[in-house]
Structures are given as C-alpha cells and as structure tokens.
Amino acid sequence: MRKAIFIDKDGTLIKDVPYNVDPGLIVLEPYAGKAMQLFQEQGYMLVVITNQSGIARGYFREEQLEGVQQKINALLGEYKVLLDGFFYCPHHPEGTIFPYAINCNCRKPNPGMLLTAAEQLGIDLKQSWMIGDILHDVEAGNQAGCRSLLINNGHETEWKINPQRQPVYVASDLLDAAQFITKVNQHDPTISFTGK
Ligand SMILES: [Mg+2]
Ligand SMILES: [Zn+2]
C-alpha cells in the first residue's frame, strides 16, 4: 500500500478562479510546484480531491475538467511532478442538471472521494495527509482517517471548529506544509502537533 498527499485544487494547489475550466486561467498557488516535488520525493502519491459543483449547476461539463487536469500536470511538469489521481465531485443538492443534483457522499466535507481514491489506488489512509484551504477539506480528510493540514491563506472565513474539523497543523503556505510533513516523517523532536 502506498501513502498519499490528497490535495484540494481551488485555492490550495491552484489560484481560485470560481467555476473556471479555461486552462489559460490556471496558475499554481505559491510554492505548489516545490511542495509537490518534496512530497513526491518522499514517496507520496499526489491526488487531487476537488468539489466541482459547477457541473451540477450547469456551468460546465464534466469533460471540460480533462483540460484542467492536463494544464495542472503541465505546470507541475516544470517541477518534474505528475499527479497520480484526480478525483472530483460533480454533485450539488441544489444543482439543476440531472443526475448531478443530489446529496452525495463525495462532496467535501464528506470523505467519499478519499475513500474511493484509496480503494482504486491502493492507498493507506492512515499514512496519508489531506491538505486544503478550508475546514471542509480538513473534515473530509479526518473523516477518511487521514491526518489533515489547513493552509491558512484567508479562504476559510467561518472557522466552525469542532473535533472533526481540527487540523493537525495550520500552515502559512504549501512550502510550510511540506516542511512540516517532512519533519513529522523525520520524527523531528522540535515539532509538536495535535495529530495521532
Ligand atoms: Mg479550496
Ligand atoms: Zn458528490
């Protein structure tokens, strides 16, 4: 079984442009390439976990995410990094497009996408991390049995914390996140955190 970094797409891996599927508008978040490189070097699979309710809302079609994935891989390719998986939830209970307008178990904060990814790719969830820019990402990771880390870049605004939504660490950016996980793996005694 492999270990993985599950990473949210919008506002974590790439700049958040709401409902965007135009590859030309996709840019990496600061340090994303470097951080993914560090993770890959440590043997992590890199798996995107993203809510894409724009499909249920009729803003774009599922096939258009193909170009998004290709562009992200092209940008990460400059750092010799390739994604191992790209999982998206096309649903939303208030959507307008059949059959996507449902309450599903894959839309974060539900853990469905991580559980499916783990099953399909042979991932050990206990050795894996979920990284995101809002507490819904953290909750999805925790529910799936991963350790979770929040990038505090201003995108979380509600801060509805409960034990399910508690991150192991709050990082200032992806490089900070990568360095933290590296230290945990090295059992660095100078760090302390709330995780298992
Ligand atoms: Mg996000
Ligand atoms: Zn879903």
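Predicted model: local features only at pLDDT ≥ 70, side-chain atom pairs only at ≥ 80, totals over all residues.
Local features need pLDDT of at least 70 and side-chain atom pairs pLDDT 80 or more, while totals for chains, interfaces and linings use all residues. Residues are numbered from 1 along each chain as its sequence is written, chains are lettered from A and ligands numbered from 1 in the order written, and side-chain values use heavy atoms, without hydrogens and water.

D8 sits in the loop between β1 and α1 and D133 in the loop between β4 (129-132) and α4 (135-144), so the pair ties together parts 125 residues apart in sequence (helices are DSSP runs of H or I with at least four residues, strands runs of E with at least two, numbered from the N terminus). D8 and D133 are both buried, meaning under 20% relative accessible area with a 1.4 Å probe, protein chains only.

N20 is found in the loop between β1 (3-7) and α1 (32-41). Its relative accessibility is 14%, so N20 counts as buried. Leaving aside residues up to four places away in sequence, N20 touches L25, I26 and V68, where contact means heavy atoms within 4.5 Å.

How values were computed: Buried < 20%, exposed > 50% of the residue type's maximum accessible area, 1.4 Å probe, protein only.
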